[in-house]
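Colleague: I would like a close look at one part of this model. Please take the disulfides.

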Amino acid sequence: MMNRLKDATSPYLLQHADNPVEWFEWGEAAFAEAVRRDVPLLISVGYSACHWCHVMAHESFEDEGTAALMNERFVNVKVDREERPDVDAVYMAATQAMTGQGGWPMTVFATPEGHPFYTGTYFPRPQFQRLLAGVSNAWNGDREAVLEQGSKIVEALNGRTELPSGPLPTPDTLARAVQTLSRSFDRVRGGFGGAPKFPPSMALEFLLRYGAAGEPRAGAEGGGREDRPEPGAGAGAPTATAMAGRTLEAMARGGIYDQLGGGFARYSVDADWVVPHFEKMLYDNALLLRVYAHWWRLTGSVLGRRVALETADWLLAEMRTPEGGFASALDADSEGVEGKFYAWTPEEIHEVLGAEDGAWAVALYEVTGTFEHGTSVLQLLSDPAPGDAERSARVRAALLAARARRVRPGRDDKVVAAWNGLAIAALAETGALFDRPDLVEAARAAAVLLDESHMDGDRLMRTSRDGRVGANAGVLEDYADLAEGLLTLYGVTGEVRWFHRAGALLETVLGRFADGSGGFFDTADDAERLFQRPQDPTDNATPSGQFAAAGALLSYAALTGSARHREAAEAALGTVTVLADKHARFAGWGLAVAQAAVSGPVEAAIVGPLDDPATSALHRTALLSPAPGLVVALGEPGSAGVPLLEGRGLLDGAPAAYVCRGFTCGMPVTTPAGLRAELAS
């Protein structure tokens, strides 16, 4: 049997390389083979850390009898959704339209032209075998009906009315979005809605920015403001800052957060954040790292600082690749059992710690049988007493060392450009805020890898593994999230290289992805043609490509004064106005960017010798400002290349800071106190 997956760059595809199924990678060869044999395509879409993907693989794809049915009657195509988000998007749209739900593994039966005619997700082996026979019989016995079904689905999907756009969001739009979020806010447990609960990273970023802007009332577009009450104060609707803080605390204290090693799992299966779906994704942790750092910056939360630093340390310890990038995910399973690496029994804890410390740790971490077979996921519902800090550190270290001897979950070590862009932004900011140059250096190393390996001329490739770049073109989120990360890295380091690369990426966004109506397609105009060109402006697990592009364009405009980039950002935010009243949870990043646009954003130009402590003090003061969407330009006197710095020099020979909005600046200041006053005005 030909092993067509053995040279794949995707760890997910490599997991299936030795299946008895004769898999093809997505591409022309599979389509040509389906035409030659006159059989349908069976397209199986999943990803490396997907628990149910592993289950279906063990039950069906590793089973000789099931594989024989698949090989005899279909051309079988295995797709890593993380390498080909465009393929995943169009078939997920079909699956949701046909079944009312979606998920992974996604199972799609399609014509040799790629038109889907039957879809589903996970199928147990007996049901899957019956389905294989039924679809094959329908193809051979009622071909006309099958082809008609495929054509109707494609026609319906291509005929769908796109989400309408509106005007640029106003302060009143943002206030109504906060009210929308408050209606689904879980005041007891934090988060929005019921189980399962996903970390609402992007909505939290919006709420923190909104709180930083001063919590304007709905209907107060004339500039009216109200003082922000403390989180939890008052009997009315909770404030934006309070909703964010309650959610961030609940997640950090629950089982969704790894209390020993740091880092967050993908989601909680319950409403209390106790039992996670154990896979750990780079994108979740990059987004949450940034939000926790911003929570500390706005409120001074000690918990926010601790979780931010622990998550950053986890990223460096567990997710860095030898080339300097960051791996995509850790599996939920080890030894074929979900959560086995992370769960504990009281007996296991006593064995590691002894009777006295064991009993104390069992109580501290809520080891009460919250998971399966008498095991528990560790929680930390309250901090140890101050006098127990040394004991807590000793116990945690011992449990972590014991856990390290277990069989570790698998790691998907491919480097995805978009998610590394999110990590670059988070690590650069966190390193600057907490004086951790190692985090900034890790962000820089990832940026170097992407800049030197993932770029093909002015085009960005989506993935690499072991230093080998994959063949898949970057999609909109890759360009936008990387541009966001590089602009953030420039603001932290002053290295103009990153500013220029971000500008080049955004030129490609404007030239190759624009839809002509103010929005953006998710694939470039010269990308592979699928039966539908994907375009989804709403957030999912990560910022939508459109909202991510809007954010990067807005920041670039603030650094350059470019009306073209500002106008493109504002046009891309039009859908936020439509979503704010009813679907604010699916526009969190768009709302965060809109808050930055409404607030300016504030522009801070720091000019002085980079090795001068006075320059560093001004720079740090600017970075500590919670002003929504604040951009920072840093450079030596007379440095060229970043327009916000041009014409701005020292003041009486001393390093100076200029605070601007729309390139209109106040008087320069030379002290951190003066800069804080300017930023707060």
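Colleague: What is the torsion about the S-S bond of Cys50 and Cys53, and is the disulfide right-handed or left-handed?

Modeller: The torsion about the S-S bond of Cys50 and Cys53 is about 80 degrees, so the disulfide is right-handed. A word on the basis. This is a predicted model, where local features need pLDDT of at least 70, side-chain atom pairs count only at pLDDT 80 or more, and totals for chains, interfaces and linings use all residues. Residues are numbered from 1 along each chain as its sequence is written, and side-chain values use heavy atoms, with hydrogens and water left out.

A disulfide here is a pair of cysteine sulfur atoms within 2.5 Å. Cys50 and Cys53 meet that rule, with their sulfur atoms 2.3 Å apart. Both Cys50 and Cys53 are buried. Buried means under 20% relative accessible area, exposed means over 50%, and partly exposed lies in between (1.4 Å probe, protein chains only).

The rule gives a count of two disulfides. Cys660 is joined to Cys665, S to S 2.0 Å. The link of Cys660 and Cys665 is right-handed, with 90 degrees about the S-S bond. Cys660 counts as buried because its relative accessibility is 1%. Cys665, at 28% relative accessibility, counts as partly exposed.

Last, the pairing. With the bonded cysteines of the protein numbered in sequence order, it reads 1-2, 3-4.
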